[in-house]
Amino acid sequence: MSGSKAKRMTSPNGAKFKTMRRVKLKKASEMIQDKIKKIYKAKVARIEKVSSNSHLIEIDLPFEIDIKAGQFISIYCKGLTLRRPFSVYSHFGNKIGILFKERGAGTKYIKSLKPNDIIDIIGPLGNGFNIKNKKALLVGAGIGAAPMAFLKSELDKKGIENLFVCGFLNKNEIPDCINIDKIYTDDGSYGEEGSVLNYSDELINTYKPEIIYTCGPYIVLKTIAETAQQYGLEVQVAMEKIMACGIGVCRGCVIDIKKNGEIVNATVCKDGPVFLGSEVVWQ
Amino acid sequence: MAVITDILQTDLNGIILKNPIMTASGTYGYNNEYDDFINVSSLGAVVTKAISLNPREGNKHTRITETEAGMINSIGLENVGVEKFINEKLPVLKSENIDFFVNVAGSTIDEYCQVAKICDDNNIKAMELNVSCPNVKSGCLEFGVDEKSLYELVSAVRKEYGGFLTVKLTPNVTSIEKLGIAAQNAGANAVSAINTLKGSKIKISYINGRVQKEIITGGYSGRGIKPVAIGAVIRLSKAVDIPIIGIGGIETLDDVLEFIAAGAEAVQIGTANFTHPDIAQKLVQDLEKYITDNGFKDLDELKKELRK
């Protein structure tokens, strides 16, 4: 920026930025090296179908990242305006795995990727599960099994006793890559018959968890949160909402939460996606 | 440490930016939120999320949806209010050396004026008046669609605020030129064009044997609005003498050049920040490279060439 060469324009209002002094700026290309930025190119390591309606994609990141169960990454999908957020299913060093179900244009793009394709990622984003040293019940439903599987591996690593249960529509929907302790299917084609929600009381009474973590469709989160509260148990829920920025600035993904006796906005992307079930204002 | 030359220096007749790449209100937070992706202080200026006199909760219904060539938002101006902005957000802008414009929204002239006065008292160098948000029920857009109301508003704000003042115009009018002239006559230093277009999307799904519809109405932004924005900048550049800050669907260097050719002195990157959070910094680099590679002395020379 300007030094002596600057045109000394006098503003009618006397307004000017601090442009009249010499400020040294690094070239933008150099600044990128300053610290590890949360945007990078990554390589698809493998992609495979793991159930009738879901795929697993493994991605090689250019470096190791710290990522917690419940946190997410956001993938740029060619030709689309909004990135698509995915909670992480697995993480080893610089490799992360994402489980996804084809739902629309974004997941269609991701499904079309091949090994060695380069994708554009931001993350890790958001707040993951706050792991407590307490006997844990993990409740997943459908593709919500993904972050639960990651959480289970974290709990196992820490030696925290846990039970991971998950509900699916039918046998074909169960991803064959996941180890789940107990499975429920709506049509009874695998495991116990019926929605996982029908079994929540029984699970709590027999397993006697001290904390519940859950991820799945809204109705599952709401029901599990309400049930847990009846038993006076802490419950952490991973919420989902359409996002634009992924970093809390656009305020596009807000939900109502209770804070200090007031109802306030919280962004799923930055304040969440994991919230205490007791603080969410359920619709 | 290399020194960026001042070849990108942008004179908006009242304020000098280090380069013409700014970020649009509502897409960049209040200060350094994009710090995880770029060096925010390298940008020409950041325009803050719209600030109102009192905090606003924003809208309750679905706030965003993607469209074929962009997105629709109906945030409803959720913001922390001017007091919290001054106390919590402004110090970060200052300590991080970020050049910024405060975007101001209101429902009444008095509200705008109170915020303008506070900005003036706090020595805020540049302000952008949001008179064109399509997502709030009263005020705002009403000022932006009527020349007389706009003139009255800008004149009133001008009395309270001595800094650089740009007025963000809506494309949802018959003649954007007339609004630009009104802003100029009322003492604005520049106009920003354009804000979002009013649009809707109907999401149709078939669940449990029934068709379900959700209608989302709000401001349409992104790639698809660029031709509308370029058209508006061309018309404005023929109508007003004050600088024009071009906004609308900018994603590439070619887009920036197109806006400059249309008559914009600086540009704002909006929706593309969501798609590529490092885009604004990349455009600064690209523009600098384009100027050097093609043998132009500086941005001003490129501007002259593009407008021949």
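User: Before we start, what should I know about the conventions and the pLDDT limits?
Analyst: Residues are numbered from 1 along each chain as its sequence is written, and chains are lettered from A and ligands numbered from 1 in the order in which they are written. The model is predicted, so local features need pLDDT of at least 70, side-chain atom pairs count only at pLDDT 80 or more, and totals for chains, interfaces and linings use all residues, while side-chain values use heavy atoms, with hydrogens and water left out.

User: How is chain A divided?
Analyst: Chain A has domain 1 (37–125), domain 2 (136–238) and domain 3 (241–283); the bounds come from an automatic or database domain assignment.

User: How many residues of domain 1 and domain 3 of chain A take part in their contact?
Analyst: Domain 1 of chain A supplies 7 residues and domain 3 of chain A supplies 9, where contact means heavy atoms within 4.5 Å. The C-alpha centres of these two domains are 23 Å apart.

User: What area is buried there?
Analyst: About 560 Å² is buried between domain 1 and domain 3 of chain A, with carbon and sulfur atoms giving 73%. Buried area is the accessible area (1.4 Å probe) that two parts lose on being put together, summed over both.

User: Which residues of domain 1 lose the most?
Analyst: Phe72(A), Leu82(A) and Leu125(A) do, and together they account for 59% of what the domain 1 side buries to domain 3 of chain A. By class, that side has 5 nonpolar, 1 polar and 1 charged residues; Ala, Val, Leu, Ile, Met, Phe, Trp, Tyr, Cys and Pro count as nonpolar, Asp, Glu, Lys and Arg as charged, and the others, Gly among them, as polar.

User: How many salt bridges cross that interface?
Analyst: The rule (a side-chain nitrogen of Lys or Arg within 4 Å of a carboxyl oxygen of Asp or Glu) finds 0 between domain 1 and domain 3 of chain A.

User: And how many over all chains?
Analyst: The whole structure has 30 salt bridges. One of the pairs found in chain B is Glu78(B) with Arg63(B), at 2.6 Å, N to O. Glu78(B) is in the loop between β6 (70–73) and α1 (82–95) and Arg63(B) in the loop between β4 (45–47) and β5 (64–67) of chain B, so the pair ties together parts 15 residues apart in sequence. Helices (H or I, at least four residues) and strands (E, at least two) are DSSP runs, numbered from the N terminus.

User: Switching topic, how do β14 and β15 of chain A pair?
Analyst: Strands β14 (residues 254–259) and β15 (residues 262–267) of chain A are antiparallel over 6 bridges; pairing requires that DSSP finds at least two bridges between the strands. Ile257(A) has Val264(A) as its bridge partner. The two strands form a hairpin with 2 residues between them, and Asn260(A) in the turn has a positive phi of about 50 degrees.

User: Where are the cis bonds to Pro124(A) and Pro273(A)?
Analyst: The Gly123(A)–Pro124(A) bond has omega of about 0 degrees, and Pro124(A) lies in strand β7 (residues 118–125) of chain A. The Gly272(A)–Pro273(A) bond has omega near 5 degrees, and Pro273(A) is in the loop between β15 and β16 (274–276) of chain A.
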